[in-house]
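Visitor: I am new to this structure and would like to be walked through it with care. Could you show it to me before we begin?

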Amino acid sequence: MRSVLFIDPPAFCTAVEGLVAPALRSRPVAVAPPGADRAAVLALSAEARLAGIERGMPVRQALKRCPDLVLLPPNPRLYARASRALHEVLRIYAPVIEPRGYGHAFLDLTGTGRLFGPAVDVAARVQREVRERLRLAISVGVAANKLVSQAATTVIKPEPLLEVPGGNEAGFLAPHPLDVLPDLHPRMRRRLDDYQLDLIGEVAAIPESALCAVFGGAGRILRARARGIDPRPVLPPERQAEFHVVHALVTDTNDLGVLHPLLRLLTERLGRRLRRHGLVSRRLRIELTYADHTGATRAAPLPAAALDAELWDAARRAFTKANARRLAVRMVALTLDELDTAESQLDLWEVAAEAAAAATAAGDQPADGAAGPSCPRSPSRPECMGRNDTAFFCGAPADTGHGLQDAIDHIRSRWGARGVVRGSGLALSESRSRDARPAPSSSSPAPAPS
């Protein structure tokens, strides 16, 4: 049976700030962006929570409720450094760690019992070492899957440790309110409120067909999670099933001059992550949050090995479909999912040689009727300058010793039946191959491909 731990340091950001400035440890502290027209509380200490402040509350309202509140600007570098120090302790006991924001993480201890003993003993040891090394308190949930271990850290506060035995997941969740269920979408939560469903056990008792009639395919997942069923594996960052970026705007706006450059910045960040891990994505999903806290979600398919420009174009198309209201946008989130390993790209000049061989073997004649092979896109021909025609590749040798069928078989074996290499300027589909032209001889100048 699997053994999964969820590490939850209470008020991690403000606790780290208290390590840097000990005078803040007993004060109500909140982290919020300074100078924003619509600043909201991003993190808060236990003292601030006792004063009635909640995460996401506007700063003006928080100051009215607690005049002694200490406001600090976000310090991502400090929080990231503290998270890395915490993970150094966790790596001693867990072969697989999945980070979940600053300080939070899932640990998969399956198969480590002979090394470190039962999972609950490992959890107690981790708590002790984190307290001694980093002077941080952490809560730990121990269960057979990610969902129940995370829910355990919600119900045990302020207790530091709770183990849910395997097979008792549904019984553990049943008496607790729906807010304990992790990752429950706010729209689904409001819809459950409409049906006066308050407890997880009430949702688990509803037939799957009834939930699917209201929520569609998401109803099946909702019922499974209400019963404590969660097959998701614990994945390290390099193997996670999606890449996700979120940006909260300082001021609500629906100005495309602000939103489109923001989309470009976010897609470039996602593109760097894909290239760093050698992955490709098949779908881009955008989620907008409006000023009235409502949202809209749309998705756009992606070509194989999409470049940053193609990611940006897909994001703009998805944004146009999602932005169907006249309200100002408050937050933009982009997600790349359906990830797969990127195939190795063909060498540029190798592709050019194969294209020239295919055109030569086809025996086509130049469009202008000139005798002998000549480049139809020579610099001496002004009508070719700036032309975007991907049917042929100039500047390649006239004969490489490969026949047309060999070239087509080679390309189709790598790129599918259509035989299209995206981004390289080569197309060998049936409609394009009839328009192919012979490549120039070795004596003619070789202009750069457009």
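Guide: Two strands pair if DSSP finds at least two bridges between them, and helices (H or I, at least four residues) and strands (E, at least two) are DSSP runs numbered from the N terminus. This is a predicted model, in which local features need pLDDT of at least 70 and side-chain atom pairs count only at pLDDT 80 or more, while totals for chains, interfaces and linings use all residues. Residues are numbered from 1 along each chain as its sequence is written, and side-chain values use heavy atoms, with hydrogens and water left out.

Visitor: In β4, which residue is the bridge partner of V31?

Guide: Strand β2 (residues 29–31) runs parallel to β4, and 3 bridges join the two. Within this pairing, the partner that V31 meets in β4 is L72.

Visitor: In the hairpin of β10 and β11, which residue takes a positive phi?

Guide: Strand β10 (residues 279–290) and strand β11 (residues 295–301) run antiparallel and are joined by 7 bridges, with R283 standing opposite P301. The hairpin has 4 residues between its strands, and the residue with a positive phi, near 75 degrees, is H293.

Visitor: How many residues does the largest nonpolar core have?

Guide: A nonpolar core is a set of buried Ala, Val, Leu, Ile, Met, Phe, Trp, Tyr and Cys residues joined through side-chain atoms within 4.5 Å, where buried means under 20% relative accessible area with a 1.4 Å probe, protein chains only. Those with the most contacts inside the largest core are L5, I7, L90, L107, V126, V130 and V140, and its residues number 29.

Visitor: Leaving aside neighbours within four places in sequence, with which residues is L90 in contact?

Guide: L90 is one of the buried residues of α4, and contact here means heavy atoms within 4.5 Å. With those sequence neighbours left aside, the residues that L90 contacts are I7, I97, A105, L107 and V126.

Visitor: How many residues of helix α7 are buried?

Guide: At the start of α7, a side-chain oxygen of N145 comes within 3.3 Å of the backbone nitrogen of L147. L147 is itself among the buried residues of the helix, as are K146 and V148. The helix spans residues 146–155 and is mostly covered, the buried count among its 10 residues being 8.

Conventions. Buried < 20%, exposed > 50% of the residue type's maximum accessible area, 1.4 Å probe, protein only. Polar contact = N/O pair within 3.5 Å; in protein donor to acceptor, adjacent residues only side chain to side chain.
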